[in-house]
Amino acid sequence: MTNKSPGQPPVWRRYLRFWGSNVEADVDDELRFHLDMRARDYEARGLDFDDARRAAVERFGDVQGIGGALRTHDRRRERGRRRHEYMSDLTNDIRYGLRAFVRAPAFTTVALLTIALGIGATTAIYSVVNAVILRPLPYPESDRLVQVWMDNRRTGLKEDLHAWPNYADLRDQNRVFSAAAAYYTGGYNLTTAGCRENECEPQRVRALVSTPDMAPVLRVTPILGRMFIAGEDEPGRDGVVVLSNGLWTRLFAGDRNVIGRTVRLNGRERTVIGVMPPGFAFPTRDVDIWVPLALDAESKQQRSSYFLWAVARLKPGVPFERAVADLNAIGRRLEQQYPADKDIGVHLVPLPEQVVGRTLRTSLWVMMAAVGAVLLIACANVANLMMSRAAVREREIGVRVALGAARSRLVRQLLTESVLLAVLGSTLGVALAWGGLRVLTRIAPEDIPRLDQVRIDLSVLGVTLGVAVATGLVFGLVPAMQSSRAASGGALREHIRGGTGGRRAQRMRRALVGAQVALVVVLLTGAGLLIRSFLHLQRVDLGFRSDHLLTMRLSIPAAKYGTPQARATFQDALLERVRQMPGIQGAALITDIFLSSTPNSTIFRIDGREMTPEEQNVEIPVDATSGDYFKVMGIPLRRGRTFTAADNRDAPQVVIINETMAKRFWPNEDPVGKRFRYGDGTGNAPLVTIVGVVADMRRTGFDAPVRYETFLPHTQYVTSYFTLVVRTAGDPLAAVPAVRAQVRSLDAEQPVFEIASMDQLLSSMVAQRRFSMTLLGTFAVLALVLGVVGVYGVTSYLVAQRTREVGVRLALGARPAQVVRMVVRQGMVVAAIGLVVGLAGALVAGRLMTRLLYGVSPYDIATLVSVTTVIGVATLVANWLPALRAAHVDPLSALRSD
Amino acid sequence: MASDTGDLLQGTLAILILKALVTGPSHGYGIARWVESTTDDVLRIEEGSLYPALRRLEDNGWVTSEWGLSDNNRRARFYTITRAGRSHLRTEATVWFRYAGAVSQVLRSAPSLA
């Protein structure tokens, strides 16, 4: 302590008042004054200095205590006063701002619309990103879930399926999962016992067939009843089913007494034991039922039958990397232990990443970046508008400065106005976003997960509000600083060159325009690359005639059609009936027209020839087709023949292969007549003889390479699940009711599902690409329009500022063309700089979106040239029009102006 | 301390302060001195409670304060009575007179004190 007297405040307190009114110092001063005066009175009565002071303090009482109480009181009062002052300033500013907006309706409308567009686009896309990517999956601690894949080094497929023993080993030997479930999805034909008339239509439902571990892995609790438990996964005891909320509502009208009722699935009765909560959708939202996976002992021994997905939950505290290491170690052990597991490893992917694939993620982030750029361009436009307006309001601001408004106070008021503008515009923008989202979710492809959950909720609105305020600050700060600077520089003087028309302001405006042009270039390039990718895809020759084709799927249950013969009879009868229908040019069947990423495939051995180890590992898909499949599809036969009625059950087994397979395994020779065996050659699989070679068809999608194919006659390789392909004379979808009727006349309980024309199928295969292309294209056009408006606006303004100069030039004999050239040249220099910067940015952006491209390089010259041309023409027009106007001013009136 | 002198005394203090300010603005010490001299030192203002009382009056809008210079050229906080303060003083004074009158009446009434 440096102060001896307890009543004296520390010395530094005395200086506190330098920074404005100070509560502490004021209280100290007031009390000290009192004590000093009292002491002086005592001195006057004859006490000496020290005694007088002591007596004064004594008389006063608890100086410290009362001082403290006063300080607390005054501090509170001061805070209240400041808050009040701030709020009343704010109210005044807002009222003032609103009045100013009303007085300038044109400015206000344009600014509000611009902001609304920017914010609307941002809000819409952000709400999609939020629902699809950011929001966690609807399972507790969903970030602890991992998808467990088989890493198949034989096929190079990193995300391949497990065989049961493989899954069981991983489940039992790992030390990192608290639970691991195996599952597959499939379709069931469902009929309800005792249904009412309109419910009796047999229907196809999607099922998740899983081990009982699924409940602890996902930590899901049914809202009614229970999940199936261990023991119910044994054949014979597995007659149970858990319904999705949707199916429960659809089938039982949400009846809470549904538990214990039975439904027929593929002809077999199962008891309903539970109903899932709404919104629960594993692995996809189209799953209607959950049934236990009940394998018999024999199936559980098969190490080479790969059909299971697996999902697991990490133990608490176990990091993902440790799980990867642990599972890899098990994988290596199994590889050494079992010959069947050779070249097979384990691959883990966090479930959230699995659900929303990397391509979709990339494209959504690209969209987000795109709307961000649109918003920035909109901001630049509004900033320019504000600056032009600031020039108009210069006098008004000058008056306020002259009346004593501090510069900081002025900036605050101008910022309040721009934030107010931003918030008003954003309100409009949210309305736009709401409308936009309805369109967006309608045109969006169905395979975007969780798209149905996209909505503008509080978290989205929070972000929008934040962006709106930031936007207001961004486009308001520069103009506010400039007008307040100009104003404090003495704006009441007649402005000769004008504060905001000054050199500094001009440079700022040109910089904004340049930045806009650069952003537009990046967006246009991105959109151009996507459009070119899409066009490339559309030009891909799929290898068949896709017009006038109708497809639908059927699954004939084993309970009803027990023997292959019974199934084949049904298939033949169906084909025969459909072929007889009027307007039908052909009907055929195949297991699957298109292959999923994990097709039903197997290795094979060529008869009478040693295969290289590499060839021995090649897996080929197996499909059953009817003989005229290739004719119906329009796939040319290259060699040999297609199947005939003679290729029946008792005839020698035959096969048709595709060209790619023929070239790879029988180069320089005719494969027709050659024989091979499916499997590793040790089993009892029969030898099949190649009777024909057909042209290649892209069966795994537009952007995947052609694979090897083998087709067996449906009479010799009978599947219970197949696709019916019908070639029609007219609109394929018009034939649907008639074809359905034929199916029903054969078997009234037999559902058909996934009915679609080939055009619809193909369109859905490129739906995600079309979606990103449409969106990015829209944003690019929006950006281009906003950008051109920006360039036009700034040039117009700058030209207007120079009316007098132009007038002088014209009066001195300059020709209008020269004036035009001068104005346009200045504008185009800025545009050119923006273009160059933008092209550099476009190259970076192109690299980031490589994953979304097909058949074009991110540095595609054609795209870059087109973009440069578009930008060049657009900015030229935007500069030329105002220049033209300037060149035609009347020199005399121009000189008189101002 | 102010807290155990009761409502009556607190109200009294408020009346005294307001009365002191009727003739013109004054600082806290001036108020204390005025009361002392006017009552010939019979009523000695509890100085510790003077300032909290002034704050209360200010919060009620009966006085305002601002900084100024005292007679001996020192910086001091001066208090001024407001219009509302004057009217409050009138009301309180009426109450006080009636109260004091009632008490005197009781004391004068028979039987007289021995």
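Colleague: Starting with chain B, how many helices and strands does its secondary structure come to?

Modeller: Helices (H or I, at least four residues) and strands (E, at least two) are DSSP runs, numbered from the N terminus. Along the sequence, chain B reads α-β-α-α-β-β-α. Counted up, the secondary structure of chain B is four helices and three strands.

Colleague: And what are the ground rules for the numbering and the confidence cut-offs?

Modeller: Residues are numbered from 1 along each chain as its sequence is written, and chains are lettered from A and ligands numbered from 1 in the order in which they are written. This is a predicted model, so to speak of cut-offs: totals for chains, interfaces and linings use all residues, side-chain atom pairs count only at pLDDT 80 or more, and local features need pLDDT of at least 70.

Colleague: In what order do the three strands of chain B form their open sheet?

Modeller: Two strands count as paired if DSSP finds at least two bridges between them. β1(B) and β3 (residues 75-81) of chain B are joined by two bridges and run antiparallel, with B:H27 having B:F78 as its bridge partner in β3(B). The pairing in this open sheet is antiparallel, and the order is β1-β3-β2.

Colleague: Which strands of chain B stand at the edges of that sheet?

Modeller: An edge strand here has a single partner strand, so one side of it is left without a neighbour in the sheet.

Colleague: Which element gives the largest share of the side of chain A that touches chain B?

Modeller: Taking contact as C-beta atoms, placed from the backbone, within 7 Å, 14 residues of chain A are in contact with twelve residues of chain B. Elements giving two or more residues to chain A's side are α1 (23-44), α2 (49-60) and α3 (63-103) of chain A. With six residues, the largest share comes from α1(A).

Colleague: What ipTM does the predictor give the complex?

Modeller: The pTM of the complex is 0.71. The ipTM is 0.85.

Colleague: Is A:N658 buried or exposed?

Modeller: Buried means 20 or more other C-beta atoms within 10 Å of the residue's own, exposed means 12 or fewer, and partly exposed is in between, with C-beta atoms placed from the backbone. A:N658 is in strand β17 (residues 654-658) of chain A and, not counting residues up to four places away in sequence, touches A:V694, A:D696, A:Y708 and A:E709. Because 24 other C-beta atoms lie within 10 Å, A:N658 is buried.

Colleague: Then why does A:A832 count as partly exposed?

Modeller: A:A832 is in helix α23 (residues 816-848) of chain A. A:A832 counts as partly exposed because its C-beta neighbours inside 10 Å number 16.

Colleague: Which strand runs parallel to β15(A)?

Modeller: Strand β14 (residues 601-606) of chain A is joined to β15 (residues 619-625) of chain A by three bridges, but that pair runs antiparallel. A:V622 stands opposite A:T710. Joined to β15(A) by four bridges, the parallel one is strand β20 (residues 710-713) of chain A.

Colleague: How far apart are the centres of domain 1 and domain 3 of chain A?

Modeller: Domain bounds come from an automatic or database domain assignment, which gives domain 1 (11-90), domain 2 (154-342) and domain 3 (561-748) for chain A. Taken over C-alpha atoms, the centres of domain 1 and domain 3 are separated by 100 Å.

How values were computed:
Contact = placed C-beta atoms within 7 Å.
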